[in-house]
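Work through the exercises below with the model open. Try each task before reading its solution.

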Amino acid sequence: MAVSVFGAKEIIEGFEDSSFLVTGRCAIDILTAKLKIVDAELFLELGRNVLVHTDGRLKSAESILSKCRKKGYAPTYENVQEKLNDLIGVRAVCSFEDDVYRMAEVLKTHKDLKIIKRKDYIKAPKSSGYRSLHLIVEIPVYFQEERRWVRAELQLRTPAMDFWAGVDHQLRYKKGKQEAVLIGEELKEYSQVIAELDKKMVELRGRIEAM
Ligand code: 0O2
C-alpha cells in the first residue's frame, strides 16, 4: 500500500482493504483463548480462578488519528502499522494484584508468544495515577497460507484498577477539558486508595487461605 497522509475515512478504508481486520480479530480470539488456558492451568495449581473477565478491541480510526496527533506521527498507513502498538488490544482483569504477575509469568513460557515490551504501571504508576501491567506481544496468525506475527497490547489489571481506569477514561483521559485538571488530582488520590485496597485484598486472601 502506498504511503499517504490521510484522515479517518482513509484509515478505515486502508485497514478494510488490507487483511488487518480479519487477522486483528483472530489475534484477539487467540490471545483471549490463551488467557483462558492460563486461567485453567492456574486453577489446577491454586484451586481458584485468576481471570475475572477479558475484553478485546480493534482501535477505532478516530482513536488512531488522535494518537498520531498526540505522538507527532504523520498519520500514514505505514506509520500506524509500524509505530502504534495497540491497534489490537486485549484486556485481562485478574482477581488479585499478584494474579496479574502470575498470569504474565505463565504467558512468558508460551513459545508462540513474543513479549516485545513490558511496561509495569503497577510498580511505577503513570503520573495520572493509572495502574496496569502492559505487555506488547506478538503472536502468529495463520492466514491465506501465510504466518504473520501480529502485534497487540495486552493490559493486565485487577477489578479495582479497571474500575479506576474506566472512570478516568470517561471523565478525563479522553476529554482534555479544563475541568480535567481539577479532577486529575482527586483521581490520583483515589488511585492510591485503590492501590492500598489491592494490597489489603491479597493479605486478606492469604489469611483466608491459612484458615
Ligand atoms: P484507548 O482508547 O484505551 O485505546 P508507547 O508508544 O507504547 O510508549 P502508548 O501506546 O501511549 O505509548 O502506551 P501507554 O501509555 O503505555 O498505553 C496506552 C494505553 O494505556 C492507552 O491507550 C490506555 O488504554 C491506557 N492508559 C494509559 N494511560 C492511561 C491513563 O492515564 N488513564 C487511563 N484510563 N488509561 C490509560 P489509548 O490509545 O491512549 O486509549
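In β5, Q155 is the bridge partner of H134. This is a predicted model: local features need pLDDT of at least 70, side-chain atom pairs count only at pLDDT 80 or more, and totals for chains, interfaces and linings use all residues. Residues are numbered from 1 along each chain as its sequence is written, and side-chain values use heavy atoms, without hydrogens and water.

**Exercise 1.** Work out how strand β5 pairs with β4 and with β2.

Solution.
- Strands are DSSP E runs of at least two residues, helices H or I runs of at least four, numbered from the N terminus.
- Two strands pair if DSSP finds at least two bridges between them.
- β4 (residues 133-143) and β5 pair antiparallel over eleven bridges.
- The two form a hairpin with two residues between them. Q144 in the turn has a positive phi of about 50°.
- β2 (residues 88-94) runs parallel to β5 (residues 146-157), joined by five bridges.
- V93 stands opposite R157 in β5.

**Exercise 2.** Describe how helices α5 and α7 cross, and classify their contact residues.

Solution.
- The axes of α5 (residues 97-108) and α7 (residues 179-210) come within 8 Å and cross at roughly 85°. Axes are lines fitted to C-alpha atoms over the stretch in contact, with angles from 0 to 180 degrees between N-to-C directions.
- α5 is therefore roughly perpendicular to α7 (65 to 115 degrees).
- E97, D98, D99 and R102 in α5 meet D198, K199, V202 and R205 in α7 (heavy atoms within 4.5 Å).
- These contact residues divide into one nonpolar, no polar and seven charged. Asp, Glu, Lys and Arg count as charged; Ala, Val, Leu, Ile, Met, Phe, Trp, Tyr, Cys and Pro as nonpolar; the others, Gly among them, as polar.

Technical notes: Parallel < 35°, antiparallel > 145°, perpendicular 65-115°, else oblique.
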